[in-house]
Amino acid sequence: MTESPRQSEPDTVPEEPVPDDVLPHGALPPMTYRDLPEAIPVRKMIGPSIILAGLALGSGEFILWPYITYKTQFVFFWACLLGVTTQYFLNMEITRWSLATGESAITGFARLSRHWAWIFLALNILPHMIPAWSKGAAQVVSWLIWGAEFDEAGNVQSPWVNELSIAGLLFCGIVLTAGKVVYETVERIQLVLVSLIMLLVVVLAVWLVRADSVVAQLEGAVNFGGMPEGLDPILLLGALAFAGAGGTLNLSQSNYVKDKGYGMGRFIGRITSPITGQEEAISEIGYHFRHTPENLSRWRRWWRAAGTEHFLSFFVTCAACLVLLTLISHSIFYTPEGTLEAGADRYGKDMNFIWGEAVELGNRVGPAVKILFLIMGVAILLTTEFGVLDASSRVSTDVVKVNWLRDNERWSESKLYYIFLWTTILVGIAILLIGEERAQALTLFKFTSAMNGGVMFIYSCTLLYLNRFKLPAAIRMKPWRTMIMIWSVFFFGYFAVRSSIHIAGELFSG
């Protein structure tokens, strides 16, 4: 684990409030002035973006984009690359507000209007109540233990999936509760697992990927506007959201930035376990710095370092996994002539294509690699569920504490965090028990990711307004970044509207 920058920074005394004509405080109390801390080397900043990359691995990278490749080859791959690139810039705008104020992006939204609080609370809770990653991990564990056979309906049989899903949720909750400082627990786990998964993916790609698959992918990457036939628009929106972390999970970047101690986040406390940790004092309202030459010089160094860390840890990791895992999928399921391998069409339902990848790996390389691939799948999916539970609980805690319980000492961030964490776990268990037959893993992935895609359209608009018009001129986003944010609005907006039309058509036709 990299050293937290908080450990070397002495505390300072808050000064007078920031005037409204410098940084409008809106519906919340004004911030106070403090000097911006000295920037730290990039190597000491590693952590927040790795966590976000770990969240991306278990849905878009391992499930949705390899599945789209299996169904339609690389027709839609241009959108995949645009999606992850757009998310890099979107995440940097989320980081900008936190670097400059120590607050989360959602707190910034609440300064625009208190109505954003309950809107984003709902948008954060609803998609992540669905235990998609736990269900997917359980299905793969079932295959590892009992193997798999096709039934008459063409589904791969997976015994004890719901029971294993529930066990996975409980395991994630226990691990998050046991660590003293939640951020440090999450960072340790994600750093190790993301590194191991990247290594394994590279080894498999070197072993399996064919030249014709690379050529097909390159052609798909430049085939702008190509749309796959026969795929649900909801699935496409979800895949674009999860070409990266997706939805309110991206907004948790600002919470991780605060806990790591980037910029003005140095002065904000961290969430600790009520069982094993010592509670830290947490400021719900942030700080800002006077725009002196010294502070602005520090700001530029922080901004460059944050951009470098996010590019290397998030963008490169996500892009590499998207490229390599879709190449592996294509090399396994398609012949050099571009036709589906004989018998591969039977893997088209739900998570069957993951089993198909494992089977084909076993046939071509050996049974040990088949088992290793399935173990990798369990690690990816369960780690993602772990990260989703943490990230969504952080966002909900932030919204509730800042907007409604700011002056209530009884309800600390730590207590609220664990209430949201265990409530989400219990709701997920209820969904698994009530909808046992309907809660197929790929269906859960599709709907939770599509909801997150709609969320990204909404906060692209809000971030554009917040960082362009509410931050002081010296630190607001430049015109070229503004154009990228406008692109983000139209990019996610187009697919959100397309999915909404598709859903409305299905409802009225039914």
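Is Phe76 buried or exposed? I looked up its relative accessible area and got 1%, so Phe76 is buried. I keep in mind that this is a predicted model.

**Entry: the whole chain**

I began with the overall layout. I found 16 helices and two strands in the chain. The chain has 510 residues, and 61% of them are buried. Next I took contacts between residues at least 6 apart in sequence. Of these, 84% join residues at least 24 apart.

**Entry: a stacked pair**

I went back to the aromatic rings. By the rule I used, there are 26 aromatic pairs. I looked up Phe62 and Phe373. Their rings are 5.8 Å apart, centre to centre, with 40° between the planes, and the pair is tilted. Phe62 lies in helix 1, residues 48-72, and Phe373 in helix 13, residues 367-404, so this pair ties together parts that are 311 residues apart in sequence. Both Phe62 and Phe373 are buried.

Why does the pair of Trp65 and Phe76 count as stacked? The ring centres of Trp65 and Phe76 are 5.7 Å apart and their planes stand at 20°, so the pair is stacked. The cut-off I needed here is that planes under 30 degrees apart count as stacked. Trp65 lies in helix 1, while Phe76 is in the loop between helix 1 and helix 2, so the pair ties together parts 11 residues apart in sequence.

**Entry: a cluster and two charges**

I noted a cluster next. Ring pairs link Tyr67, Tyr70, Phe333, Tyr347 and Phe353. Then I searched for charges over rings. Arg34 lies over the face of Phe267, 4.5 Å from the ring centre. The charged end of Arg290 sits over the ring of Tyr33, at 4.3 Å from its centre.

**Entry: the surface**

The accessible surface of the chain is about 19300 Å², and 64% of it belongs to carbon and sulfur atoms. Which residues make the nonpolar surface patch of about 620 Å²? I listed Leu144, Ile145, Trp146, Trp160, Ile371 and Ile375. Helix 5 and helix 13 are the elements that give two or more residues to this patch. Helix 5 gives the largest share, three residues. Trp146 is found in helix 5. Its relative accessible area is 45%, so I wrote down Trp146 as partly exposed.

Technical notes
Residues are numbered from 1 along each chain as its sequence is written. This is a predicted model: local features need pLDDT of at least 70, side-chain atom pairs count only at pLDDT 80 or more; totals for chains, interfaces and linings use all residues. Side-chain values use heavy atoms; hydrogens and water are left out. Rings of Phe, Tyr and Trp (its six-membered ring) pair if their centres lie within 6.5 Å; planes under 30 degrees apart count as stacked, over 60 as edge-to-face and the rest as tilted. Helices (H or I, at least four residues) and strands (E, at least two) are DSSP runs, numbered from the N terminus. Buried means under 20% relative accessible area, exposed over 50%, partly exposed in between (1.4 Å probe, protein chains only). A charge sits over a ring if NZ of Lys or CZ of Arg is within 6 Å of the ring centre and within 35 degrees of the ring normal. Contact means heavy atoms within 4.5 Å. Accessible areas come from the Shrake-Rupley method with a 1.4 Å probe; for residues, only the protein chains shown count as cover. Patches are made of residues with over 30% relative accessible area and no salt bridge: like charges are joined within 9 Å, nonpolar side chains (Val, Leu, Ile, Met, Phe, Trp, Tyr) within 5 Å. A salt bridge is a side-chain nitrogen of Lys or Arg within 4 Å of a carboxyl oxygen of Asp or Glu.
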